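I opened the model today and went through it region by region. These are my notes, in the order I looked things up.

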Amino acid sequence: MAEQVTGAGEVVGYRHDDEQVDPPLLSPGYVATETRAPKRPLIPIAHTLSEVTGPVYGHDRIGELDHDLTRQHAGEPLGERIILHGRVLDGDGRPVRDTLIELWQANSAGRYAHQVDDHPAPMDPNFTGAGRAVTDSEGRYRFVTIKPGAYPWRNHENAWRAAHIHISLFGTAFATRLVTQMYFPGDPLFYQDPIFNAVRGERDRERMISRFDLDETVPEWALAYNFDIVLRGREATPPDIH
Ligand SMILES: [Fe+2]
């Protein structure tokens, strides 16, 4: 808050997203955007005190096992256990500390624990697929989860989503809100996934792909993936267009 409000009480807005990084709201390959995208040009609105100062979430809202999606039920979920970790950074590369990060994902068979997902893949009674964490004083976060499976959708003929984890962050305020999807390196489905490819720049798309991390991999227990999230600026992690 201190950095966004001057001594004279003047509100300093956050920088806006780089429009070259963000996927266009109307991305014809992704059919649903034809009805979701705004029909009129967006109107920029200056940030006011409420956008630059709140909300702020504290540790007291986070449960002890919220970051571990493999220990939220009586048994362990099926699939490949993974550690997902990284840092949250602002547009100037500074760590964003004490910030809430939420994720949700399909199970290892590619099915969501959600009533509208009825494709013929098994549910896992030991996996809900939702987790939360708060970054530490250096902006670091860490989850334990299961690698999600690819899943079919009806966007186009024989369409499959590349394996992904949905991630939501508020950053320091509403104005730095980011909802994105994280992918896994070397996925063979990238080329036909219009949500992934709605992000136009190749380097920008690469910022949505996690990095396999042998250093943090725990022997005989779990592979690790590293994923740093940048909330704003030229190096920003692109948002998704859901
Ligand atoms: Fe998804």
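First, a cut-off I need: a residue is buried under 20% relative accessible area, exposed over 50%, and partly exposed in between. I also keep in mind that this is a predicted model.

**Entry 1: Leu26**

I started with Leu26, in the segment before helix H1 (33–36). Its relative accessible area is 47%, so I count Leu26 as partly exposed. I listed its contacts, leaving aside neighbours within four places in sequence. Leu26 is in contact with Thr33, Glu34 and Ala37. The C-alpha atoms of Leu26 and Asp118 are separated by 27 Å, and the two residues are 92 apart along the chain.

**Entry 2: the iron ion**

Which protein atoms are the donors of the iron ion? I found Tyr112 (OH), Tyr151 (OH), His164 (NE2) and His166 (NE2), lying 2.0 to 2.2 Å from the iron ion. I wrote the spacing of the donor residues in sequence as Y-x38-Y-x12-H-x1-H. Tyr112 and Tyr151 link distant parts of the chain, being 39 residues apart. Tyr112 sits in the loop between strand E2 (100–104) and strand E3 (130–134), while Tyr151 is in strand E5. Are these two tyrosines buried or exposed? Both Tyr112 and Tyr151 are buried.

I checked the geometry next. The angles among the four donor atoms run from 91 to 160 degrees, and the site is irregular. A tetrahedral label would need all angles between 85 and 135 degrees.

**Entry 3: the four-stranded sheet**

I traced an open sheet of four strands in the order E3-E2-E7-E8, with antiparallel pairing. Which strands stand at the edges? They are E3 and E8; each has a single partner strand, so one side of each is left without a neighbour in the sheet. Neighbouring strands of this sheet are turned by 25 degrees against each other on average, direction ignored.

I then looked at one pairing in detail. E2 and E3 run antiparallel and are joined by five bridges. Within that pairing, Glu102 has Arg132 in E3 as its bridge partner.

**Entry 4: strands E1 and E4**

Strand E1 (residues 81–89) and E4 run antiparallel, joined by seven bridges. One pair I noted is His85 with its bridge partner Arg142 in E4.

**Entry 5: nonpolar cores**

The largest nonpolar core has 23 residues. Leu84, Ile101, Tyr141, Phe143, Ile167, Leu169 and Ile229 touch the most other members. Which strands each supply at least two residues of this core? I have E1, E2, E4, strand E7 (164–169) and strand E8 (178–183).

A second, separate core holds twelve residues, including Phe190, Ile195, Val199 and Ile241.

I went back to Leu169 for its contacts. Not counting residues up to four places away in sequence, Leu169 touches Val88, Leu100, Ile101, Thr176, Arg177, Leu178, Ile229 and Leu231.

**Entry 6: Glu138**

Glu138 is found in the loop between E3 and E4. With a relative accessible area of 39%, Glu138 is partly exposed. Leaving aside neighbours within four places in sequence, Glu138 is in contact with Arg87 and Pro95.

**Entry 7: positive phi outside glycine**

Asn158 has a phi of about 55 degrees. Asn158 lies in the loop between strand E5 (151–153) and strand E6 (159–161). Its relative accessible area is 60%, so Asn158 counts as exposed. Asn158 and Gln192 are 34 residues apart in sequence, yet their C-alpha atoms are 9.6 Å apart in space.

Glu220 has a phi near 60 degrees. Its place is the loop between strand E9 (211–212) and strand E10 (223–226). Is Glu220 buried or exposed? Glu220 has 88% relative accessibility, so I put it down as exposed.

Note on methods
Residues are numbered from 1 along each chain as its sequence is written. This is a predicted model: local features need pLDDT of at least 70, side-chain atom pairs count only at pLDDT 80 or more; totals for chains, interfaces and linings use all residues. Side-chain values use heavy atoms; hydrogens and water are left out. Buried means under 20% relative accessible area, exposed over 50%, partly exposed in between (1.4 Å probe, protein chains only). Two strands pair if DSSP finds at least two bridges between them. Donors are N, O and S atoms within 2.8 Å of the metal (3.2 Å for Na, K and Ca); water is not among the atoms, so sites may look incomplete. Four donors count as tetrahedral if all angles lie between 85 and 135 degrees; four count as square planar and six as octahedral if opposite donors are over 155 degrees apart and all others between 65 and 115; anything else is irregular. A nonpolar core is a set of buried Ala, Val, Leu, Ile, Met, Phe, Trp, Tyr and Cys residues joined through side-chain atoms within 4.5 Å. Contact means heavy atoms within 4.5 Å. Axes are lines fitted to C-alpha atoms, for helices over the stretch in contact, and angles run from 0 to 180 degrees between N-to-C directions.
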